[in-house]
Amino acid sequence: MPASIRIEIPFDSQRHAAVAASTLSADKNPKYTTMTFSNESDSNVLLVCIESRDAKLLRTAVTSIMESVQLVSDAIDAFK
Amino acid sequence: MTVALGLESSANKIGVGIMRHDAAGVATVLANVRRTYVTPPGTGFLPKDTAKHHRNCVIPLVIEALQVAGLSVTDLDVICFTKGPGMGGPLHVSALIARTLSLLWNIPLVGVNHCIGHIEMGRMITGAQNPVVLYVSGGNTQVIAYAEKRYQIFGETLDIAIGNCLDRFARIINLSNDPSPGYNIEQCAKKGSKFVDLPYTVKGMDMSFSGILSHLEKTAKTMLSEYSKEDLCFSLQENLFAMLVEVTERAMAHVGAREVLIVGGVGCNERLQEMMGLMVQQRGGHLFATDESFCIDNGIMIAQAGLLMFKSGHTTPLEDTWCTQRYRTDSVLVSWRD
């Protein structure tokens with residue numbers, strides 16, 4: 001797909017990055033967009049890859065996912 | 001003993017509840033906290049802003065619930081959340097928190113149907129055995145009866161929910177949304193006296209409300225020159241609630257029920273309870289209703305339904321914890337009842 005982005009978000013630990021990746025992976029993809037979440041083993045970095053049909057959809061997906069990442073990150077901090 | 005956390009955020013309320021079932025199955029509410037997103041008069045709540053409100057509230061709300069219950073996250077045996085139906089963005093907030101807690105502390109998850117949450121909480125609080133359930137809220141209007149492991153839908157709205165009709169009427173006459181438009185319509189109606197004819201749309205076992213709303217949108221301004229806001233609120237309630245009484249009575253007759261249980265936010269309305277009570281009494285039956293802590297969307301009902309599901313062996317694997325705007329009440333196998 002023509003519009004794509006790769007975002008790396010560091011977490012406190014590999015475990016926390018893995019929790020974030022699993023939490024975010026459970027949602028269904030929005031229309032004309034695919035999102036994958038992963039963290040390489042031993043890495044504390046959450047990797048978010050988004051591919052969309054066009055830039056406008058990509059922008060919407062990025063805004064939405066960053067809100068989710070923020071919430072998950074805050075929840076990990078509050079309840080770890 | 002089993003303890004469940006319940007998270008609910010399908011509309012403009014976000015609720016967190018903690019429920020305990022002891023070894024004998026006796027249920028105790030340990031916490032039930034809630035925040036409501038209220039918009040200015042003449043407006044309704046939109047998905048993006050509502051989701052934002054919930055994102056800002058949810059973590060302090062979970063902390064508050066745990067404090068009230070005197071528990072920590074590790075004391076929880078299961079984490080329950082509303083899978084649907086409802087508004088996508090707002091629902092998603094509960095799901096994200098539920099999944100995060102589950103993964104951090106290795107606690108199983110249960111995705112709960114919102115309507116079944118209302119039914120199971122109503123049953124638990126009132127002790128009703130096998131009632132016809134009238135589920136009426138801003139998002140749903142259904143007449144339900146339990147049969148063969150399903151909460152069967154006997155009748156429902158063909159278009160919008162009754163609460164939606166009431167909420168949007170409140171916008172037309174610029175009533176406050178605080179604490180809720182329905183509450184303010186109820187208070188206003190108490191001061192009304194002149195009855196104005198409105199469309200009455202019962203269709204067999206089902207009902208339609210969007211025509212009544214369109215009628216009000218078109219004629220409210222002219223009606224207000226002859227009738228007061230109070231008269232309109234009074235007339236609308238009498239009209240709408242009579243429709244609900246009719247379809248509920250039809251369902252009672254159909255299944256031979258002697259009990260009616262009203263759940264959902266509109267169920268708080270005392271005039272509705274009064275009208276329904278008169279009909280049920282005439283049939284030699286009993287009406288059950290709950291107070292606003294359980295009628296209005298809340299987290300404890302999700303904990304209760306989720307706990308029943310969990311104890312009957314049901315958990316939701318992580319890959320199935322996505323939320324859905326449409327989730328039929330009768331699509332859930334009620335494995336916890338005979």
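Predicted model: local features only at pLDDT ≥ 70, side-chain atom pairs only at ≥ 80, totals over all residues.
1. Glu120(B) lies in helix α3 of chain B, which runs over residues 114–126.

2. Is Glu120(B) buried or exposed? With a relative accessible area of 1%, Glu120(B) is buried, because the cut-off for that class is under 20%.

3. The domain assignment of chain B gives domain 1, made of 2–119 + 296–320, and domain 2, made of 130–294. The centres of these two domains, taken over C-alpha atoms, are separated by 27 Å, and their contact takes 19 residues from domain 1 of chain B and 21 residues from domain 2 of chain B.

4. Between domain 1 and domain 2 of chain B an area of about 1600 Å² is buried, and carbon and sulfur atoms give 61% of that area. On the side of domain 1 of chain B, the residues that lose the most area to domain 2 are His118(B), Ile119(B) and Ile296(B), which together account for 37% of what that side buries.

5. As for polar links between the domains of chain B, the count is 9 residue pairs in polar contact, with both residues at pLDDT 80 or more, and 1 salt bridge. The side chains of Arg34(B) and Glu292(B) meet in a salt bridge, with a distance of 3.8 Å from N to O. Both β3 (27–36) and α3 of chain B supply at least two residues each to the side of domain 1 that touches domain 2, and the largest share of that side, 5 residues, comes from α3(B). By class, the side of domain 1 of chain B that touches domain 2 of chain B has 9 nonpolar, 9 polar and 1 charged residues.

6. Turning to the two chains, the contact takes 19 residues from chain A and 21 residues from chain B. The area buried between chain A and chain B is about 1800 Å², with 73% of it given by carbon and sulfur atoms. Ala26(A), Leu71(A) and Phe79(A) supply 38% of the area that chain A buries against chain B, which is more than any other three residues.

7. Across the interface of chain A and chain B there are 2 salt bridges, and the side chains of Glu67(A) and Arg55(B) meet in a salt bridge at 3.5 Å, N to O. The count of residue pairs in polar contact between the chains, both residues being at pLDDT 80 or more, is 7. On the side of chain A that touches chain B, the elements giving two or more residues are α1 (14–25) and α2 (55–79), and α2(A) gives the most, with 9 residues. That side of chain A divides into 9 nonpolar, 4 polar and 6 charged residues.

8. A last point concerns Pro181(B), which is placed in helix α5 of chain B, residues 181–189, and which counts as buried at 13% relative accessibility. Not counting residues up to four places away in sequence, Pro181(B) touches Asp167(B), Ala170(B) and Ser176(B).

Methods:
Residues numbered from 1 in each chain as written. Chains lettered and ligands numbered in written order. Heavy atoms only, no water. Contact = heavy atoms within 4.5 Å. Buried area = accessible area lost by both parts, 1.4 Å probe. Salt bridge = Lys/Arg side-chain N within 4 Å of Asp/Glu carboxyl O. Polar contact = N/O pair within 3.5 Å; in protein donor to acceptor, adjacent residues only side chain to side chain. Helix = DSSP H or I, 4+ residues; strand = E, 2+ residues; numbered from the N terminus. Nonpolar A, V, L, I, M, F, W, Y, C, P; charged D, E, K, R; others polar. Buried < 20%, exposed > 50% of the residue type's maximum accessible area, 1.4 Å probe, protein only. Domains from an automatic or database assignment.
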